[in-house]
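Here is a short exchange for someone meeting this structure for the first time. It asks how a few descriptions are reached.

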Amino acid sequence: MVGGTDLQHPARDAIDLGDVLFALSAPDRLSIVLQLQQGPLTAARCTADGGPVPKSTKSHMLKVLRESGVIRNEPQGRNRVLTLRRADLDARFPGLLDAVLAAGADAGGGAAAATGAAGRPGANLDR
């Protein structure tokens, strides 16, 4: 870590297919990714569809997504901004992210994503 606030993110060529599939296999983590496909969110605004989760559980979910290369988690002032690493994932595994997200949304894994930007937590985040 640099300065205590920067987190490690794998380089594009180091993103592993098994790690990505594992990260996207849990419904709560998938629901976070479904929200992020609409655009960046602050970590505080990003929620799992299953209802409130303990802060430690949410931190672990974000860590798994970050370490697998699915999201970026970067400081912005006093907040942390989460973004989907779509370009990196599409370059590394073409079509994979679209297929997984479409299946997740169809299965009801993304109620927040299905509501559109107006119903999304953190929709007021400046992009």
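Contact here means heavy atoms within 4.5 Å, and the model to which this applies is a predicted one.

Q: Which residues make the contact of α1 with α3?
A: From α1 come Asp 19, Val 20, Phe 22 and Ala 23, and from α3 they meet Val 64, Leu 65 and Ser 68.

Q: Why are α1 and α3 called roughly antiparallel to each other?
A: Helix α1, residues 17-25, and helix α3, residues 55-68, pack at an angle of about 155°, their axes being 9 Å apart. Angles over 145 degrees count as roughly antiparallel, and α1 and α3 are therefore described in that way.

Q: Where do helices and strands fall along the sequence?
A: The chain has six helices and three strands, and read along the sequence these follow the pattern α-α-β-α-β-β-α-α-α.

Q: What share of the chain counts as buried?
A: Buried means under 20% relative accessible area, and 40% of the 127 residues of the chain count as such. The accessible surface of the chain comes to about 6900 Å², with 54% of it belonging to carbon and sulfur atoms.

How values were computed:
Residues are numbered from 1 along each chain as its sequence is written. This is a predicted model: local features need pLDDT of at least 70, side-chain atom pairs count only at pLDDT 80 or more; totals for chains, interfaces and linings use all residues. Side-chain values use heavy atoms; hydrogens and water are left out. Axes are lines fitted to C-alpha atoms, for helices over the stretch in contact, and angles run from 0 to 180 degrees between N-to-C directions. Helices (H or I, at least four residues) and strands (E, at least two) are DSSP runs, numbered from the N terminus. Angles under 35 degrees count as roughly parallel, over 145 as roughly antiparallel, 65 to 115 as roughly perpendicular and the rest as oblique. Buried means under 20% relative accessible area, exposed over 50%, partly exposed in between (1.4 Å probe, protein chains only). Accessible areas come from the Shrake-Rupley method with a 1.4 Å probe; for residues, only the protein chains shown count as cover.
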